[in-house]
Amino acid sequence: MRSAMAELPDIPNAGAGAAGGPAAGLSRARLEEIAKRHGTPCFIYDAAVMREAAGRVRAALPEGAALFYPVKANPNPAIVGLFAALGYGAEVASRGELALAMAAGIPAKRIVWSGPAKTDDDLAAAVKVGIYAVQVEALGEIERLAAIAAQLERPATAVLRLDLPKDSGARRGDWAGASSFGMDEPTAAAILGVRDRLAPVEIVGFHNHPTSGSLNAADFVRRFATFIEAVRRLSQEFAPRFINFGGGFGAPFYADDSALDLDPIAAFLHGREIQALTGDGPPPQLGFEMGRYVTGPAGRYLARVVAVKRTAGRRFAALDGGIHHLMVVSGTMRFLRRPVAVSGPPADESKSEPTELTGPLCAPTDRLASAVSLSKALAPGDLIVFSGCGAYGKHASPLNFLGHDWPPEILVDGDEERLIARRVRFEEVLALQSPDHPAAAEPGRVPP
Ligand SMILES: *Cc1c(COP(=O)(O)O)cnc(C)c1O
């Protein structure tokens with residue numbers, strides 16, 4: 001049975017009109033003004049930077065490639081909505097993300113779902129709304145999907161997520177080989193061998209998420225080539241209609257990062273290996289999941305200096321913001337701590353001093369940057385700006401650890417500015433989960 005669901009609707013060319021010219025940066029004066037209006041700490045995103053990155057991606061990928069926005073990169077509904085407007089589908093990993101993507105205007109037919117522990121309820125939700133494909137991670141999962149779809153009397157579409165062997169260039173932390181994500185090639189072959197028994201599930205193709213946040217183009221070319229070889233071996237008696245190359249395109253985050261060069265990736269994707277995937281039939285739909293690359297550079301995290309002190313020969317500036325909003329800099333989701341891209345009030349070299357930037361948490365990991373060269377005159381109230389914070393920031397952080405407010409998020413689009421997430425006080429969080437908390441009955445009773 002071939003379900004209509006397997007056809008991805010046309011995706012408009014997001015790049016058209018958006019790729020022209022570099023996005024205008026936000027001046028320090030404008031950042032100061034926004035920070036004054038909304039308070040610190042806060043996140044500020046620049047829509048122009050996201051559209052520009054999306055345009056670069058569009059230009060680099062083969063025509064007609066489908067793009068999926070991985071909601072986990074930045075789940076603010078306005079950001080998801082921005083990518084929906086650019087024609088992106090979504091990659092989701094929970095029922096919450098599925099609901100969010102659909103509420104942001106992404107049709108179910110443009111949604112794929114990944115995740116190593118999808119429950120029966122998750123699979124039933126995917127079948128009921130009719131997403132484009134469940135990216136299946138194991139034999140047991142596709143068997144459950146088949147049983148659930150049969151019970152619901154609905155068709156369902158699956159993509160086999162491959163877990164490919166590590167190659168010599170693999171970095172620590174890359175999910176390549178023996179991970180909880182996806183299946184090895186023999187398992188995929190075995191599933192294809194019994195695919196007739198999996199009705200009403202139809203397998204439409206393959207997925208591989210090669211890496212996370214890599215800035216090395218050669219890395220992608222090598223991994224895509226490995227993926228394509230596996231796809232070719234698995235396609236002897238099966239014609240895939242969808243090949244999803246996953247995500248992981250990096251964006252500069254640390255001060256010494258340079259941007260990912262898309263040219264070698266584009267050359268590979270327009271080359272013979274990809275063209276050879278098309279046999280006699282129509283070419284398979286190619287897919288890409290693009291999160292960090294398109295959102296990371298657009299975001300800034302702003303915090304103010306609360307106190308400055310010198311101890312044991314070092315200067316410390318304690319900020320009102322910390323790793324509870326930006327856990328990524330603590331090293332928890334990274335493997336090295338290097339200087340992040342950070343700026344403070346202007347000062348020339350001779351008038352600056354290495355400074356430890358720490359946050360308000362009573363935890364030694366709450367250090368946002370080390371030995372940053374900042375003005376000798378740095379004082380309480382000064383604004384510190386962290387760049388490259390549009391992805392895996394607020395929502396990938398332990399927001400409730402030590403009871404501080406959730407930071408507001410502001411989206412700037414040219415001259416316009418929109419509060420896209422308000423500040424949430426910790427007592428409001430408590431009131432949500434505990435009806436007998438005083439804040440639930442009488443908001444504002446707990447001293448702000
Ligand atoms: C996390 C994840 C992504 C996100 O990738 P980016 O690095 O943000 O582009 C995409 N696909 C899958 C399957 C993921 O788990």
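This is a predicted model: local features need pLDDT of at least 70, side-chain atom pairs count only at pLDDT 80 or more; totals for chains, interfaces and linings use all residues.
Visitor: OK. Which residue caps the N-terminal end of α8?

Guide: N216 does, with a side-chain oxygen 3.0 Å from the backbone nitrogen of A218.

Visitor: What span should α8 have, and how far apart are its end C-alpha atoms?

Guide: Helix α8 covers residues 217-234, which is 18 residues.

Visitor: Which residues of α8 are buried?

Guide: They are A217, D219, F220, R223, F224, A225, F227, I228, A230, V231 and L234. D219 and R223 are on that list along with F220 and F224.

Visitor: Switching to the largest nonpolar core. Which residues touch the most other members?

Guide: F83, Y88, F245, F288, L357 and F386, out of 114 residues in that core. Helix α8 gives the most to this core, with nine residues.

Visitor: Why does the core lie between the two domains?

Guide: Because domain 1 (89-289) and domain 2 (297-441) both give residues to it.

Visitor: What is F386 in contact with, sequence neighbours aside?

Guide: Leaving out neighbours within four places in sequence, F386 contacts G299, R300, Y301, L319, L326, V340, A341, V342, L357 and L368. L357 is another of the residues that touch the most core members.

Visitor: Which residues are in the other core?

Guide: That core lies apart and has eleven residues, including L26, L31, A35 and L383.

Visitor: Now the ligand. Which residues are around it?

Guide: P70, K72, E91, S114, R161, H207, H209, G248, E289, G291, R292 and Y392.

Visitor: How far is a polar side-chain atom of Y392 from a ligand oxygen?

Guide: The distance is 2.6 Å. From the backbone, a polar atom of G291 is 3.0 Å from a ligand oxygen, and one of G248 is 3.2 Å from a ligand oxygen.

Visitor: Last, the whole chain. How many helices and strands?

Guide: There are 13 helices and 17 strands. Of the 448 residues, 54% count as buried. Among contacts with a separation of 6 or more, 70% join residues 24 or more positions apart.

Definitions and conventions
Residues are numbered from 1 along each chain as its sequence is written. Side-chain values use heavy atoms; hydrogens and water are left out. Helices (H or I, at least four residues) and strands (E, at least two) are DSSP runs, numbered from the N terminus. The expected span of a helix is 1.5 Å times one less than its number of residues. Buried means under 20% relative accessible area, exposed over 50%, partly exposed in between (1.4 Å probe, protein chains only). A polar contact is a pair of N or O atoms within 3.5 Å; within protein, one must be able to donate a hydrogen and the other to accept it, and residues adjacent in sequence count only if both atoms are side-chain atoms. A nonpolar core is a set of buried Ala, Val, Leu, Ile, Met, Phe, Trp, Tyr and Cys residues joined through side-chain atoms within 4.5 Å. Domain bounds come from an automatic or database domain assignment. Contact means heavy atoms within 4.5 Å. A residue is near a molecule or strand if one of its heavy atoms lies within 4 Å of it.
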